[in-house]
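I opened the model and kept notes on what I looked up. The entries follow the order in which I took the elements.

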Amino acid sequence: MKLKIVKGTRDLYGDDVERFQFLEDKAREVFSLYGYEEIRTPMFERTELFAHGVGQDTDIVGKEMFLLEDRRGRSMALRPEMTASVVRSIITDNHMQQATHRRFYYIGPMFRYEQPQKGRFRQFYQIGAEYFGVSTPDSDAELLLMLRQYFKKVDLNAVSFQLNTIGCQNPDCRPAFKKNLVDFLTVQKEYLCENCTRRIDTNPLRVLDCKEESCIAVTKDAPKIYEHVCEECGEHFSELRSILDDHGVVYTLNHKLVRGLDYYSRTVFEVYSDNLGAQNAAGGGGRYDSLFEVYGSPIIPALGFALGLDRLAMLIRLGEKKADGLFVIGHHRRMVNTLVSNCREAGYKTLYDPFQSSMKSQFRQANKANVSHVLILGDDELKEGIVSVKNMTTSTQTSVPIDRIIGHIESELSPER
Ligand code: AMP
């Protein structure tokens, strides 16, 4: 049997895992400042959850879901995104019964059957946040402020925000704009790609974010949705923009930004980086006030975003690794083992050579391991009841009685408790 990793998936280790952990730790740190709690939902859900919530005509549901059948023939899907799952949890676990508003964040893998390329995988990872219960523009602004703070924390300057509003379902808002857009697109039909010719009838807004050159050329002059939304949506958008201006949040208006999913209303935004190549979206989100209705639940205003962890990991730079921990060198297996376990129990990362090779080779390993101190238990040390402690940064060596070694290390380092 020839083992092979599944197409579009990858193993993460070494620097990759360090990047992921760094991005995750900083997200937990920053998001908790805004009152977010972590939520972990199942990796798979009933297919209908995504079919209804995300929308039948979206690529995610129409073409990209990993489907499985359980033993009773029910259709399940590996989650292609997590907003629908979090909303499902709000409904099934009654999170809003005791609260006027809730904030949740999540970190985890998502699954989409896409054509893999740089920055695009079939199993990829997202960090996301969802904010429930508040409909005012301050909450939209809060989300963007949190993202700005997060990007600052992970030292990512090369990202930019794009912003749009896609209005609401009121007849004089998005539906009226759609009619307007359909008229415009119908006249230009012959210049649109095959998919977009079909989308004129099924999902005309999606034509606006088609990446085909001919469609981009057509939609350049399309009517701008943010100029045609209803009065209330217009006020929401201009209030949001003025809050962002007050806080110095820099963004570009993009009338073609509609997001692929059906559930959005009003504010939509994306985060881009020019350093990502073709797949330049680092994340996106928006408001989805009507999603609860789709599931037959009373309306709860909601908004959120998802960031692509794999893509952020491509953008960040890891700092120089600091020397860290201890390495015990010696040939007396039991003495070495005891010292190693005493150091570990005292709270220090401690390594040793399990093969007890030559002292020279053990030194080489200690150097490579980038530890701060090497503890030497050679024949001479054993005879005298001492340990030679070498500080790898200063290259100074001290002799310490073996029964006082932990105290000595404590005075040199502070334990990682
Ligand atoms: P979406 O839910 O499609 O808005 O995706 C949010 C973010 O997740 C995107 O901006 C990407 O950074 C990331 N993302 C989406 N699909 C993939 C994928 N197949 N591989 C890697 N990252 C992805």
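**Strand 7**

I began with strand 7 (residues 160-165), where 5 of the 6 residues are buried, so the strand is largely enclosed by the rest of the structure. I took buried as under 20% relative accessible area, exposed as over 50% and partly exposed as in between, with a 1.4 Å probe and protein chains only. Helices (H or I, at least four residues) and strands (E, at least two) are DSSP runs numbered from the N terminus.

This is a predicted model, so I note the limits: local features need pLDDT of at least 70, side-chain atom pairs count only at pLDDT 80 or more, and totals for chains, interfaces and linings use all residues. Residues are numbered from 1 along each chain as its sequence is written, and side-chain values use heavy atoms, with hydrogens and water left out.

Next I looked up the strand partners; two strands pair if DSSP finds at least two bridges between them. Strand 7 pairs with strand 9 (residues 265-272) in the antiparallel sense, over 6 bridges. In that pairing Thr165 stands opposite Thr267. With strand 8 (residues 251-253) the pairing of strand 7 is parallel, over 3 bridges. There, Phe161 has Tyr251 as its bridge partner.

**Helix 6**

How far apart are the end C-alpha atoms of helix 6 (residues 174-187)? I found 20 Å, which agrees with the span of 20 Å that its 14 residues should have at 1.5 Å a residue. The expected span is 1.5 Å times one less than the number of residues.

I listed Arg174, Phe177, Leu181, Phe184 and Leu185 as buried in helix 6. Seen down the helix axis, the buried residues fall within an arc of 95 degrees, so they line one face. The arc is that of the directions from the helix axis to the C-beta atoms. Lys179, Asp183 and Val187, on the other side of helix 6, are exposed. The buried residues pack against helix 7 (194-202), helix 8 (204-208), helix 9 (213-219) and strand 9.

**Cores**

I took a nonpolar core as a set of buried Ala, Val, Leu, Ile, Met, Phe, Trp, Tyr and Cys residues joined through side-chain atoms within 4.5 Å. The largest has 55 residues, of which Phe50, Phe132, Leu185 and Leu192 touch the most other members. Apart from it lies another core of 45 residues, among them Tyr34, Leu144, Leu163 and Leu303.

**His408**

I located His408 in helix 16 (residues 405-412). His408 is buried, at a relative accessible area of 17%. Leaving aside neighbours within four places in sequence, His408 is in contact (heavy atoms within 4.5 Å) with Val389, Thr398 and Val400.
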